[in-house]
Amino acid sequence: MSPIITISGVGKTYKSGLTALAAVDLTLERGEIFALLGPNGAGKTTLISIICGTVTLSAGTVVIDGHDVIRDYRAARAIVGLVPQEMAVDVFSPVWATVRFSRGLFGKKPDPAYLEQLLRDLSLWDKRDSRIIELSGGMKRRVMIAKALSHEPDILFLDEPTAGVDVALRRDMWALVRRLRDRGVTIILTTHYIEEAEEMADRVGVIDRGRLLLVEETATLMRRFGKRRLALSLQQPMTGVPPGLDNWPLTLEDEGRRLVYSFDANAQDAGISALLHRLGELGIEFNDLDTSRSSLEDIFVSLIGQAHA
């Protein structure tokens, strides 16, 4: 199956001389959820804006379902829905009029039944006659999502969709995203809530300083960079790791009350049994132990830290 979006050598340099993107290559598959992660100013929004045609690229090409975003802008834009970070609606317009007008902008025939179901899915049906200015922040965000979906796009971009919204909207929106993916819609999102990316995304891309550092299936990324951690709650605090434990990469936390061993999550022999045996030989006693696995956020922080080193 051919990719739905192909990004080749895309760069963006502003008149000020700032390079926001540098030679980005990326392909996005039909029906996947792709999370683009990066610190503030990394180039996430610039890349999304270029794909959606709201920012002009300085170099390279973007092709959406066979349509070049420069030469065939209308056809490319017609299959894309965008939920930007900032409000982009007439706040004095009623909800129903807003989504109906947005659908018409893309040349779609009126479909009141579809728009009604869309508003119901976003818990907006009871607010359909309310002016947007009268709505809460969370409800306004729902209107932005409804507006982006009004013309039934094949691709949906969500730029920081849950930043500053309530838990109920976050839950409703991710349920909607899953339903859209089940219908074959491709979802591209940026988010500061990295645990959401870990849960939702099929693949993850990490961008920093305008360069794409890595693109990987989420599960593969977790296996490739993941670490496990064994934490032992000591009966007696330590001022330092004893020399007799030099064979293990150990650290002390909580003012010496917790001994921590980090190891490769994929290692067949992590050395835990040998470590516990050695602790017994040295007379080091502990009250409790627990294990945990690296989160996607841990991996993200590590990758960005390496890029800045």
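1. Two strands pair if DSSP finds at least two bridges between them. Strands here are DSSP runs of E with at least two residues, helices are runs of H or I with at least four residues, and both are numbered from the N terminus. With that in hand, look at β12 (residues 250-253) and β13 (residues 258-264): they run antiparallel and are joined by four bridges. E253 sits opposite R258 in β13. The two strands make a hairpin with four residues between them, and D254 in the turn has a positive phi of about 55 degrees.

2. A word on what you're looking at: this is a predicted model, where local features need pLDDT of at least 70 and side-chain atom pairs count only at pLDDT 80 or more, while totals for chains, interfaces and linings use all residues. Residues are numbered from 1 along each chain as its sequence is written, and side-chain values use heavy atoms, with hydrogens and water left out.

3. Now the overall picture. The protein has 10 helices and 14 strands, and its C-alpha atoms fill a box of roughly 80 × 45 × 40 Å along the principal axes. Of its 309 residues, 45% count as buried (under 20% relative accessible area; exposed is over 50%, partly exposed in between, with a 1.4 Å probe and protein chains only). Take the contacts (heavy atoms within 4.5 Å) with a separation of 6 or more: residues 24 or more positions apart account for 70% of them.

4. Next, the inside. A nonpolar core is a set of buried Ala, Val, Leu, Ile, Met, Phe, Trp, Tyr and Cys residues joined through side-chain atoms within 4.5 Å. The largest one has 43 residues, and L119, L149, L156 and I187 have the most contacts inside it. Helix α5 (residues 137-149) gives the largest share of this core, seven residues. Apart from it lies another core of 27 residues, among them I5, V69, A76 and I188.

5. L119 is worth a click. Setting aside neighbours within four places in sequence, L119 is in contact with V95, W96, V99, L124, W125, R128 and A146.

6. There's also an open sheet of four strands, in the order β2-β1-β4-β5, with antiparallel pairing. β2 (19-28) and β5 (67-68) stand at the edges with a single partner strand each, so one side of each has no neighbour in the sheet. Further in, β1 (residues 5-13) and β4 (residues 59-64) pair in the antiparallel sense over five bridges. G11 stands opposite A59 in β4.

7. Two backbone spots to check. Most residues other than glycine have a negative phi. S123, though, has a positive phi, near 55 degrees; it lies in the loop between α4 (112-121) and α5 and counts as partly exposed at 39% relative accessibility. R209 also has a positive phi near 55 degrees. R209 is in the loop between β9 (203-208) and β10 (211-217), and at 57% relative accessibility R209 counts as exposed.

8. Leaving out neighbours within four places in sequence, W248 is in contact with Y261, G271, A274, L275 and R278. W248 and L275 are 27 residues apart along the chain, with their C-alpha atoms separated by 7.6 Å.
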